[in-house]
Amino acid sequence: MGKDVIVACDFASKDAVMSFLDKFDGRKPFVKIGMELFYAEGPAIVREIKARGHKIFLDLKLHDIPNTVMKAMKVLSALDADMCNLHAAGTRAMMEAAIKGLTREDGTRPILIAVTQLTSTSQDAMREELLIDQPIDKVVMSYAENAKAAGLDGVVCSPLEAAKVHEVCGDDFLTVTPGVRFADGDKGDQVRVMTPEQAKLIGSDYIVVGRPITAAEDPVAAYERCIREFVDQQ
Ligand code: C5P
């Protein structure tokens with residue numbers, strides 16, 4: 001599976017995302033559509049961006065009873081998304097049901113990855129609110145192993161966890177990593193960040209990059225720089 005840069009299109013409306021994508025002219029970046037845009041514009045936004053020739057990571061983080069997740073995934077698969085995700089906390093039964101729902105009649109399906117623990121969840125919150133006493137990195141690796149056992153293709157994780165995930169789950173198990181910043185760029189609200197080049201060296205399979213591209217003065221140049229640093233350089 002080839003490495004790629006996924007652009008997090010965290011926009012609130014179709015107009016905003018389309019005028020952003022218009023800047024790219026001939027290029028067709030892999031696009032991440034999150035809850036904000038999906039809930040604002042509905043499934044039509046997925047069809048329209050697909051029709052323009054982009055691959056789509058539908059970042060809706062499903063978490064419900066297995067039967068509900070299976071049916072919802074069937075709908076997302078019919079939208080022809082290229083990548084979907086869910087919370088590993090939903091259990092193996094839920095993840096297996098998700099794969100069942102995603103798999104099309106011809107046997108193909110979108111890539112399915114799991115969110116382990118959200119990076120916004122602290123060790124204290126895990127212990128005090130979720131009653132999980134184990135260290136957070138152990139929890140993340142255990143959830144990744146559950147996802148692999150259920151047949152998923154990989155996890156969303158911090159670039160700092162990517163090498164360990166590959167060690168535990170194998171090189172073929174995908175790591176999709178946000179928290180990417182240019183060496184000379186603004187970190188914004190991300191705390192533990194890596195450059196595209198570092199993410200490549202550490203073995204990330206896909207980087208998810210939002211504001212360093214969407215808020216750049218020249219988004220196309222920023223995207224090209226990500227591709228150069230993450231994909232092209234040997
Ligand atoms: O703008 P920025 O590059 O920080 O955007 C990163 C994207 O990745 C956002 O869509 C954010 O929601 C997502 N994400 C993240 N950290 C996680 C999981 C997802 O930043 N742990």
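Entry 1: I started with the largest pocket, which holds about 1,200 Å³ of space. I'm keeping in mind that this is a predicted model. The lining of the largest pocket takes in 44 residues, and T119, V156, P178, G179 and Q190 are the ones closest to its centre.

**Entry 2: who builds the lining?** I looked up which elements supply at least two residues each to the lining of the largest pocket. On the strand side I noted β2 (30–34), β3 (56–62) and β8. On the helix side I wrote down α2 (35–41), α7 (136–149), α8 (159–169) and α10. Then I sorted the lining residues by type and got 20 nonpolar, 12 polar and 12 charged.

**Entry 3: the ligand.** Where does the ligand sit? I found it in the largest pocket. Two elements give two or more residues to the shell around the ligand: β8, which I placed at 206–209, and α10, at 211–214.

**Entry 4: the shell, residue by residue.** I listed the residues around the ligand as A8, D10, K32, T119, P178, R181, Q190, V208, V209, G210, R211 and P212. By type, the shell splits into five nonpolar, three polar and four charged residues.

Entry 5: Which side chains put a polar atom 2.8 Å from an oxygen atom of the ligand? I checked D10 and found a polar side-chain atom at 2.8 Å from a ligand oxygen. R181 gave me 2.8 Å for its polar side-chain atom and an oxygen of the ligand. For Q190 I again wrote down 2.8 Å, from a polar side-chain atom to a ligand oxygen.

How values were computed:
Residues are numbered from 1 along each chain as its sequence is written. This is a predicted model: local features need pLDDT of at least 70, side-chain atom pairs count only at pLDDT 80 or more; totals for chains, interfaces and linings use all residues. Side-chain values use heavy atoms; hydrogens and water are left out. A residue is near a molecule or strand if one of its heavy atoms lies within 4 Å of it. A polar contact is a pair of N or O atoms within 3.5 Å; within protein, one must be able to donate a hydrogen and the other to accept it, and residues adjacent in sequence count only if both atoms are side-chain atoms. On a 1 Å grid over the protein atoms alone, a cavity is a set of points where a 1.4 Å probe fits but cannot get out, and a pocket is an open set with protein on both sides within 12 Å along at least five of seven lines; lining residues have an atom within 4 Å of a point. A molecule sits in a cavity or pocket if more than half of its atoms lie within 2 Å of its grid points. Helices (H or I, at least four residues) and strands (E, at least two) are DSSP runs, numbered from the N terminus. Ala, Val, Leu, Ile, Met, Phe, Trp, Tyr, Cys and Pro count as nonpolar, Asp, Glu, Lys and Arg as charged, and the others, Gly among them, as polar. Grid points are joined across faces, edges and corners, and a volume is the space filled by probe spheres set on the points.
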